[in-house]
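This report describes selected features of one protein chain. Please read it beside the sequence and the three-dimensional view.

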Amino acid sequence: MKKTLFITGGSRGIGRGIALVFAQNGYDVAFTYHTAENAAVTLKKEIEQLGQKAYYRQASLEEKGAAHQAVSWAAEVLGEISCIVCNAGLTVHTDFVYRLDYAGYLLCASEAAKHMISGEIPGRILFVTSSRGQRVYPEDALYGGMKAGLHRACESMALELSE
């Protein structure tokens, strides 16, 4: 199996760390960034110094159609997607969090699953969530609720896609 990773929100923070660990373990990496283009350029260079291929693309995954475009792009540049990590997200208290931290994850995962199934790729789909999905915090109904819902949706997708 070809070792390829597509990660959303890979240019900094947790996503950057995930991208580097996968690259250190022999994965070619495609990742999206939202606003941190300089960080994306730096990460690409770091991955290439590890001997792996790296690709990046700006994406606003809260926008309609962006998940499909991002996954299609990643599949094209990598040749196939054997692992997707849905990581892009922000801790905000507006409906933006639903579009990015919930719908963006599910849409990217769904698109990647279609790619994996049609290509008969025994792939992996990973979601980065938060303790806020399991614990109660003040003024956190929207973000925490979305992370809890994401956890539950991930379990359902696992059952649906396990075949």
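## Basis of the description

The structure is a predicted model, in which local features need pLDDT of at least 70, side-chain atom pairs count only at pLDDT 80 or more, and totals for chains, interfaces and linings use all residues. Residues are numbered from 1 along each chain as its sequence is written, and side-chain values use heavy atoms, with hydrogens and water left out.

## The largest pocket

Rolling a probe the size of a water molecule over the atoms shows where empty space is left. A pocket is defined on a 1 Å grid over the protein atoms alone, as an open set of points where a 1.4 Å probe fits, with protein on both sides within 12 Å along at least five of seven lines. Its volume is the space filled by probe spheres set on the points, which are joined across faces, edges and corners. The largest pocket has a volume of about 480 Å³.

Lining residues, those with an atom within 4 Å of a point, number 28 for the largest pocket, and Gly 9, Asn 87, Ala 88, Gly 89 and Leu 90 lie nearest its centre. Two or more lining residues come from each of α1 (13-24), β2 (28-33), α4 and α5 (141-161). Helices (H or I, at least four residues) and strands (E, at least two) are DSSP runs, numbered from the N terminus.

## Asn 87

Asn 87 lies in the loop between β4 (83-86) and α4 (96-118). Its relative accessibility is 11%, so Asn 87 counts as buried; buried means under 20% relative accessible area, exposed over 50%, and partly exposed in between, with a 1.4 Å probe and protein chains only.

A polar atom of the Asn 87 side chain lies 2.8 Å from the backbone oxygen of Gly 9. Contact means heavy atoms within 4.5 Å. Not counting residues up to four places away in sequence, Asn 87 touches Ile 7, Thr 8, Gly 9, Ile 14, Gly 15, Tyr 105 and Val 128.

## Aromatic groups

Rings of Phe, Tyr and Trp (its six-membered ring) pair if their centres lie within 6.5 Å; planes under 30 degrees apart count as stacked, over 60 as edge-to-face and the rest as tilted. By this rule the count comes to six aromatic pairs. One of them joins Phe 22 and Tyr 27, whose ring centres are 4.8 Å apart and whose planes stand at 75°, so the pair is edge-to-face. Phe 22 is buried at a relative accessible area of 17%, and Tyr 27 is buried at 12%.

Ring pairs also link Phe 31, Tyr 33 and Tyr 56 into a cluster. The charged end of Arg 132 sits over the ring of Tyr 137, 4.4 Å from its centre; the criterion is NZ of Lys or CZ of Arg within 6 Å of the ring centre and within 35 degrees of the ring normal.

Lys 147 is found in helix α5 and is buried, with a relative accessible area of 3%. Beyond four places in sequence, Lys 147 touches Asp 101, Tyr 105, Val 128, Thr 129, Ser 130 and Gly 133.

Met 146 also lies in helix α5 and counts as buried at 18% relative accessibility. Leaving aside neighbours within four places in sequence, Met 146 is in contact with Val 97, Tyr 98 and Tyr 102. Met 146 and Gly 133 are 13 residues apart in sequence and 7.2 Å apart in space, C-alpha to C-alpha. His 151, another residue of helix α5, is partly exposed at 35% relative accessibility.

## Exposed loop positions

Which residue has a positive phi of about 50° although it is not a glycine? Glu 120 is that residue; Glu 120 is found in the loop between α4 and β5 and counts as exposed at 72% relative accessibility. Most residues other than glycine have a negative phi.

Glu 139 has a positive phi of about 55° and is not a glycine either. Glu 139 is placed in the loop between β5 and α5 and counts as exposed at 75% relative accessibility. Gln 134 is found in the loop between β5 (124-127) and α5 and, at 51% relative accessibility, counts as exposed.

How values were computed. A polar contact is a pair of N or O atoms within 3.5 Å; within protein, one must be able to donate a hydrogen and the other to accept it, and residues adjacent in sequence count only if both atoms are side-chain atoms.
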